[in-house]
Amino acid sequence: MSQEESPTFEARLSEQEYYRPPPAFIGQANVSDPDIYNRFDEYPEGFEEYAELVDWDERWDTILDASDPPFFSWFGGGKLNASYNCVDRHLEEYGDKTAFVWEGEPGDTRRIAYQDLYHRVNEVAAVLQSVGVEEDDVVTLHLPMVPELPITMLACARIGAPHSEVFGGFTAPALANRLEDANSRYLVTIDGYYRRGEFLDHKRKADAAVEELEGDVDTVLVWTREDELHPDTNMVDGRDVLVADLLDDHRGDHIDPVSRNASDTLFLMYTSGTTGKPKGAQHGTGGYLSYVAGTSKYLFDIHPTDTYWCFADIGWITGHSYIVYGPLAIGTSSVMYEGAPDHPHKGRVWEIAERYDVDIFHTSPTAVRMFMRWGEEYLEPYDFNFKHMTTVGEPIQPEVWRWYYTYVGHETAVIVDTWWQTETGGVVISNLPALDDMKPGSVGRAMPGIKPAIFDEEGNEIEAGSGNAGYLVLTRPWPGILQTLYGDDERYISEYWEEFSDTESDDWRDWVYKAGDSAVQAADGYYRVMGRVDDVMNVAGHRLGSMELESVIVEVPEVSEAAVAARDHPQKGEVPDVYAVLMEGIEPSESIREEVVSAVETEIGKFARPENVEFVNALPYTRSGKIMRRLLGEISNDRSLSDTTTLEDPDVPERIREQVHVS
Ligand code: PRX
């Protein structure tokens, strides 16, 4: 595909035709009766339907406790264990059924039946206890896409220890940061994993992170990718322990699942916000598990006989909710893949789909754009047949959607676009696949029981069909909602609620959740999400805060100030552009540019690599001292400049533009 044929941003804005879900799909769907929307309109009672999908040790007595907004508690009085729900309860009927079929990048495979999963989870729970992990201790995981990741998560859940998985692509400083914020004394890692044919030493990141924290982490549990520890892996005496050695002492152990309160924490998931400090979204047990089980069944339309593949990384919320907790709670057989989609060839994904006879396929628009760029010839040799496909994480351009529909879905699969966030726990805006027509580029209507709205700056609702975009908000709580930001209730209120809520009120109706996205709602009620409205960008489906990058860049000795803006990118959606002011007397040079790029790669991860580094004389500050990144974004994307009158020096952006477009 040539550059001119690249998907355009503007194309998203024109009205698109509908596509009907195929009758064969509708005939087999878990939900084909539109009455579901009425049932969930009984609020909050409707959500009990999701909670009924889960086994409770004690049934809840309150559906929603909204007495202390915005700290909402679902299914209060109820007790349950997530690991029991994802594993034990399936044993009788589905013990031999595949829970995961995992494929390593070099081609090694492992099939893990529910029975095997049960044994592994119990043994690992015993291992965690043997090193001192107790209920409510936060265990940090830094694991790539290996079966040991879901196994360790479920082992933590079994003993009531919240896990905090840090995406494997994050480097040591990012890991240290998250370990520290969570006060986590336990770290679980692995010697390495395969990526594009290479064995990557992963353990060294744990070493550097723990060293940086100077003694806060006392135990590092180390899995091995192969049977034996990789010979180059460094092990620190008295701190690092091989899981395999401990497992030898705990073969066949059974650990009773701890009965957790619905409101007890299940996990933390760090995500980027508008300050340099990542925020730990804290999810509870009862509401979260009910919500992801319900949406897995009704939206992903998973049946016990299906093979489901969520082609995403468990290190982000998508994998937590829709590879681990949701699908396992409803007894799904899932595919997991370790490596790169183009290794050793660009047909790898379709080869896997054919090999395991995948029925339901879930991925990101960035991945679809990549497949589209590679070309349909890579799909043609493989015989796979999806009945249901989804996308998540970014807006999908209509022409990308149509390519996905035609070449991946063979015009017979239904497609749903799913809008949600780390904070929402599960999908909140999407069409139910058998009930609503598909419309390329739109995420569709609200999920049952969810009430989104679009607000203008003043908090007035913008009518559907007006053509005006505004702030996307959610006007009533739902069971998957985060409980708070770990250790920072104030930031929780200021980031999500303050702007559109009456924070004095103790009536939940006065509290409105601000998602941080802009959206527009068509007359048919379908939402189109345009992107973030705060200083957060979406790079190939990875969420990145401008300030997170800036705080790393200003550590480069020659740099005095830095601002990061998002540039539209045909494949990755967005990429960061850096605008840096150098110290007095320092001249711009290629080596400083490289230093900046390498600082981002080593402090955060390669996925955050800046596209451009521009050296400028000054940044656009407002009179109150805030950097107006929006103006830098307009420069990066060669758009006309919006209002500059609030700037300390209104000529700065024009000067930057001249400088950038000349160089
Ligand atoms: O900007 C929205 C975008 O991704 C953000 C949430 O990122 P994260 O917490 O990392 O979770 C990603 C996976 C759920 C949102 O604020 N986003 C997510 N889904 C969509 C989307 N943008 C457009 N369309 C979507 N379907």
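## Ligand shell and sheets

The shell around the ligand splits into seven nonpolar, six polar and five charged residues. Here Ala, Val, Leu, Ile, Met, Phe, Trp, Tyr, Cys and Pro count as nonpolar, Asp, Glu, Lys and Arg as charged, and the others, Gly among them, as polar. Before going further: this is a predicted model, in which local features need pLDDT of at least 70, side-chain atom pairs count only at pLDDT 80 or more, and totals for chains, interfaces and linings use all residues. Residues are numbered from 1 along each chain as its sequence is written, and side-chain values use heavy atoms, with hydrogens and water left out.

### Around the ligand

Which residues come nearest to the ligand? Of the 18 residues around it, those are Asp417, Thr418, Thr422, Arg532 and Arg543. A residue makes the list if one of its heavy atoms lies within 4 Å of the molecule.

| Residue | Distance to a ligand oxygen |
|---|---|
| Arg543 | 2.6 Å |
| Asp517 | 2.9 Å |
| Asn538 | 3.4 Å |

Taken alone, the ligand would expose 540 Å², and the protein buries 96% of that; these areas come from the Shrake-Rupley method with a 1.4 Å probe, and for residues only the protein chains shown count as cover. The elements that give two or more residues to the shell are α12 (317–329), β20 (414–418) and β25 (527–532). Helices (H or I, at least four residues) and strands (E, at least two) are DSSP runs, numbered from the N terminus.

Back to Asn538 from the table. Asn538 sits in strand β26 (residues 536–539). Setting aside neighbours within four places in sequence, Asn538 is in contact (heavy atoms within 4.5 Å) with Gly393, Glu394, Lys572, Gly573 and Glu574.

β25, one of the shell elements, belongs to an open, antiparallel sheet of four strands in the order β21-β22-β24-β25. Strands pair if DSSP finds at least two bridges between them. β21 (452–455) and β25 stand at the edges, each with a single partner strand, so one side of each has no neighbour in the sheet. Ignoring direction, neighbouring strands here are turned by 45° against each other on average; axes are lines fitted to C-alpha atoms, for helices over the stretch in contact, and angles run from 0 to 180 degrees between N-to-C directions.

β21 and β22 (residues 470–474) run antiparallel, joined by four bridges, with Ile454 opposite Leu472. At the other end, β24 (residues 513–521) pairs with β25 in the antiparallel sense over five bridges, and Ser518 has Gly531 as its bridge partner. These two strands make a hairpin with five residues between them, where Gly525 takes a positive phi near 90°.

β15 (residues 279–284) meets β23 in the antiparallel sense over two bridges, and Gln282 has Thr484 as its bridge partner in β23.

Worth a look if you check torsions: the Pro69–Pro70 peptide bond is cis with omega about 5°, and Pro70 lies in the loop between β1 (62–65) and β2 (73–76). The bond from His343 to Pro344 is cis too, with omega near -5°; Pro344 lies in the loop between β17 (333–337) and α13 (348–356).

Glu214 has a positive phi of about 45° although it is not a glycine, and it lies in the loop between α9 (203–213) and β11 (219–223). Arg196 also has a positive phi, about 50°, in the turn of the β9–β10 hairpin, which has two residues between its strands. β9 (residues 192–195) and β10 (residues 198–201) pair antiparallel over four bridges, with Asp201 in β10 as the bridge partner of Gly192.

Definitions and conventions: A polar contact is a pair of N or O atoms within 3.5 Å; within protein, one must be able to donate a hydrogen and the other to accept it, and residues adjacent in sequence count only if both atoms are side-chain atoms.
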